[in-house]
Amino acid sequence: MSTLLLTGATSGLGRHLAVELVRAGHRVLAHGRDAGRTDRLVEELRADGEAEGYVSDLASLGQVRELAAHVAGDHPELDVLINNAAVGGGPDRTRRELSADGHELRLAVNYLAPVVLTRELLPVLRANAPARIVNVGSAGQEPLDPGDPEMTRGYEGVAAYCRSKFALAVHTFVLAKELAGTGVSVNVVHPATHMDTAMVRDSGLTPLHTVADGAPGVLALATRDLGSGGYFDGTSPARAHPAAYDPATRERLTAVTEQLLSL
């Protein structure tokens, strides 16, 4: 049995994953932004197994750090982290929203929050090796502009989402190299295209797949040894955006990330 922290667990793919993981005998630490929805999910999950809820707004990096501290303190046996929570393109794609810290919202929630949460939990994960980190990415990827990472010019919601998911893929590859030999694996997965979720519908997109279609790839990476530093399309090894494999791009993104997190 693993102890897994799953972000964005109260709806869509996250909710489906939480149910499947509990039924498979794992202890699920279910993160949600809304206390009521999180409590109701945990009550449902406990009918089938072990679950605990954690409430945090990932648009605040301070709350992300608090989440990590609470989880590490409560569950020193944590051995799987699934970074699933995300913000889509939004109903008004021209509206540039900001996080609690003043970062562009999609970059903050989809990229900076997973980076910070992972860093804060790495000591626990390393102590429980073999351990796994699964980043839920997207086939929709667009290289980040290192000169304007927060997309202050020519903002468009879907493009901002795709840039955040590109950054997450690049971060996965960089982190995998750093963690080589530690027993902690990290991979990124595109679950399925346009799943039937509120995020997809709010973005004005037509759902093409169910959340059940998107679950197998995430579940496989969370529960099986499938190597490290990979990009998966569902359960199949695939290739991320070509620029994600460029060493110079990786160096620039790493530098930009450190700069953003120091603000």
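Okay, where does D34 lie? D34 sits in the loop between β2 and α2. Before I go on, a word on the model: this one is predicted, with local features needing pLDDT of at least 70 and side-chain atom pairs counting only at pLDDT 80 or more, while totals for chains, interfaces and linings use all residues. Residues are numbered from 1 along each chain as its sequence is written, and side-chain values use heavy atoms, with hydrogens and water left out. Helices (H or I, at least four residues) and strands (E, at least two) are DSSP runs, numbered from the N terminus.

Back to D34, then. D34 is partly exposed, at 39% relative accessible area; on this scale buried is under 20%, exposed is over 50%, and partly exposed is in between, with a 1.4 Å probe and protein chains only. At the start of α2, a side-chain oxygen of D34 comes within 3.1 Å of the backbone nitrogen of G36. A polar atom of the D34 side chain also lies 2.8 Å from the backbone nitrogen of R37.

Now α2 itself, residues 35–45, where the buried residues are T38, L41, V42 and L45. Down the axis of α2 these fall within an arc of 100 degrees, so they line one face of the helix; the arc is taken over the directions from the helix axis to the C-beta atoms. What do the buried residues of α2 pack against? That would be α1 (12–23), β2 (27–32) and β3 (51–55), with contact meaning heavy atoms within 4.5 Å. The face of α2 turned away from its buried side carries the exposed residues D39, R40 and E43.

Next up, R106, in helix α4, residues 105–127. Is R106 buried or exposed? R106 counts as buried, because its relative accessibility is 2%. Its side chain makes a polar contact with the side chain of Y155, at 3.4 Å. By that I mean a pair of N or O atoms within 3.5 Å; within protein, one must be able to donate a hydrogen and the other to accept it, and residues adjacent in sequence count only if both atoms are side-chain atoms. Leaving out residues up to four places away in sequence, R106 touches, among others, V87, E97, Y111, A160 and S164.

On a 1 Å grid over the protein atoms alone, a cavity is a set of points where a 1.4 Å probe fits but cannot get out, and a pocket is an open set with protein on both sides within 12 Å along at least five of seven lines; lining residues have an atom within 4 Å of a point.

The structure holds 2 cavities of 30 Å³ or more. The largest cavity has a volume of about 50 Å³, where volume is the space filled by probe spheres set on the points, and points are joined across faces, edges and corners. Its lining includes T7, N83, V109 and L117, and α4 gives the most to that lining, with 4 residues.

The second largest cavity comes in at about 40 Å³. Among the residues lining the second largest cavity are E104, A160, R163 and S164, and α5 supplies the largest share, 3 residues.

Finally, the second largest pocket has about 160 Å³ of space. α4, α5 (157–178) and α8 (247–262) each give two or more residues to its lining, with α5 giving the most, 5 residues.
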